[in-house]
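Subject: Structure handover

Hello,

Here is the structure I promised to pass on. My notes follow below it.

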Amino acid sequence: THPAKRLREPVANRATLQGEAIIFYDDAGFSERDWRSLQFMCDSQKRHTVHEAGAFGMGSRSFFHITDVLQVLSHSKLSALDPDELFETGHFGEQVDFVEE
């Protein structure tokens with residue numbers, strides 16, 4: 001596990017995410033449209049363009065079969081998609097630009 005002393009609030013909830021992880025790598029990075037598709041999974045823009053991954057199926061929603069919180073790092077943004085409100089943010093998760101903030 002990783003140390004929890006430098007985590008943002010609520011520390012207790014975030015500390016549970018410091019264990020093992022499955023990492024997928026894609027060097028293309030996320031566009032603003034990709035971020036929006038993740039945050040609004042039931043209103044995907046991809047179903048209108050059949051040549052994109054995720055246009056026909058569950059896409060990134062399938063990750064929730066193996067995890068409670070999906071964390072995505074792309075360029076300078078870290079997003080935590082949290083449908084069960086483990087972070088208690090009041091919405092589907094959060095996104096932080098760790099270069100600007």
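Where does Ile 66 lie? Ile 66 sits in the loop between H2 and E1. Helices (H or I, at least four residues) and strands (E, at least two) are DSSP runs, numbered from the N terminus. Ile 66 is exposed, with a relative accessible area of 56%. Buried means under 20% relative accessible area, exposed over 50%, and partly exposed in between (1.4 Å probe, protein chains only). Ile 66 and Ile 22 are 44 residues apart in sequence, and 9.4 Å apart in space, C-alpha to C-alpha.

Some ground rules. This is a predicted model: local features need pLDDT of at least 70, side-chain atom pairs count only at pLDDT 80 or more, and totals for chains, interfaces and linings use all residues. Residues are numbered from 1 along each chain as its sequence is written, and side-chain values use heavy atoms, leaving out hydrogens and water.

Now helix H2, residues 32-39. Its buried residues are Asp 34, Trp 35, Ser 37 and Leu 38. They are on the same side of H2, because they cover an arc of only 160 degrees around the axis (the arc of the directions from the helix axis to the C-beta atoms).

Next, the core. The largest nonpolar core has 5 residues: Trp 35, Leu 38, Leu 70, Val 72 and Leu 81. Such a core is a set of buried Ala, Val, Leu, Ile, Met, Phe, Trp, Tyr and Cys residues joined through side-chain atoms within 4.5 Å. H2 and E1 are the elements that give two or more residues to this core.

Finally, Phe 98. It lies in the segment after E3. Phe 98 is partly exposed, at 47% relative accessible area.

Best wishes
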